[in-house]
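Here is a friendly briefing to read alongside the model. Have a look at the fold, then work through the notes by topic.

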Amino acid sequence: MLVLRCTQKVIKAAGLTTSDIAPPQTLGYLGAWYCNIVSIRGSYCLFFTHETTLYSHALLNIKKQTVRDITTAFRESLKHNLLFEGFNSVTLTNYLQHNEKCVFTKTCSRRVLGSMNDLVHMLAGYLEEQPLIGEQTLLRIIQQVNTTPMSMLDMNSGIHAMRRLLMKVAV
């Protein structure tokens, strides 16, 4: 089961009601993902961060419909990013199959949200330095963000932590 821990901004933008929100203790297969709507370069973006690995990916220049269909947008973005990182497509398919059902909860860790904000600022900084020309540029920039050592990971990076995590579903 996929657990998306959403900020109030996301809950409101996605049109979720209190009956759509599960208790924060809900656990997903191999952890949950935090989701926030942030403003980067004057446009709104969906930013996702895995709660234990801090692996992140983003969708830039989102529209209302993207937020309304957040699970599809999440899955497509994650798949593109992990394929770009060199993950095996069969491993990704296995992981995504275990996450067919999606449950929404509220965020429950300030520590993850703080790290997520740091990653958002890094992304914004990289986007200021480099012109965004196509999807490959964004994928390279996200790759740079995910190779940054994080204190929450004992100075390891999100991509290395995600590789270890996905070894559990590798073929």
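The charged end of Arg163 sits over the ring of Phe87, at 4.9 Å from the ring centre; a charge counts as over a ring if NZ of Lys or CZ of Arg is within 6 Å of the ring centre and within 35 degrees of the ring normal. This is a predicted model, in which local features need pLDDT of at least 70 and side-chain atom pairs count only at pLDDT 80 or more, while totals for chains, interfaces and linings use all residues. Residues are numbered from 1 along each chain as its sequence is written, and side-chain values use heavy atoms, with hydrogens and water left out.

**Aromatic pairs**

- Searching the whole structure gives three aromatic pairs, where rings of Phe, Tyr and Trp (its six-membered ring) pair if their centres lie within 6.5 Å, and planes under 30 degrees apart count as stacked, over 60 as edge-to-face and the rest as tilted.
- Trp33 and Phe74 form an edge-to-face pair, because their ring planes stand at 70°, with the centres 5.1 Å apart.
- That pair links distant parts of the chain, 41 residues apart: Trp33 belongs to strand S3 (residues 33-40) and Phe74 to helix H3 (residues 70-84). Helices (H or I, at least four residues) and strands (E, at least two) are DSSP runs, numbered from the N terminus.
- Trp33 and Phe74 are both buried, where buried means under 20% relative accessible area, exposed over 50%, and partly exposed in between (1.4 Å probe, protein chains only).
- Phe48 and Phe74 are also edge-to-face, because their planes are at 70°, and their ring centres lie 5.0 Å apart.
- This pair too links distant parts of the chain, with Phe48 in strand S4 (residues 43-50) and Phe74 in helix H3, 26 residues apart.
- Phe48 is buried, as is Phe74, and ring pairs join Trp33, Phe48 and Phe74 into a cluster.

**Helix H6 and its surroundings**

- Helix H6 (residues 134-146) has 13 residues and reaches 19 Å from its first C-alpha to its last, close to the expected 18 Å; the expected span is 1.5 Å times one less than the number of residues.
- The buried residues of H6 are Thr137, Leu138, Leu139, Ile141, Ile142, Val145 and Asn146.
- Those buried residues pack against strand S5 (56-59), H3, helix H5 (110-129), strand S8 (156-157) and helix H7 (158-166), with contact meaning heavy atoms within 4.5 Å.
- Thr137, a member of H6, counts as buried because its relative accessibility is 7%.
- Beyond its neighbours within four places in sequence, Thr137 is in contact with Gln130, Pro131 and Leu132.

**Residues with positive phi**

- Most residues other than glycine have a negative phi.
- Leu54, in the loop between S4 and S5, has a positive phi near 65° and is buried, with a relative accessible area of 2%.
- Asn61 is not a glycine either, yet its phi is positive at about 50°.
- Asn61 lies in the loop between S5 and helix H2 (64-68) and is partly exposed, with a relative accessible area of 46%.

**Two more sites to look at**

- Asn156 is in strand S8 and counts as partly exposed at 21% relative accessibility.
- Leaving aside neighbours within four places in sequence, Asn156 is in contact with Thr148, Pro149, Met150 and Arg164.
- Arg111 is in helix H5 and counts as exposed at 54% relative accessibility.
- Not counting residues up to four places away in sequence, Arg111 touches Ser151 and Met152.

**The chain as a whole**

- The chain has seven helices and eight strands.
- The chain is as compact as a globular protein of its length, because its radius of gyration is 15 Å, close to the 16 Å that the globule rule gives for 171 residues; the radius is taken over C-alpha atoms, and the rule is 2.2 Å times the number of residues to the power 0.38.
- Along its principal axes, the C-alpha trace spans about 40 × 40 × 30 Å.
- Buried residues make up 50% of the 171 residues.
- Of the contacts with a separation of 6 or more, 66% are between residues 24 or more positions apart.
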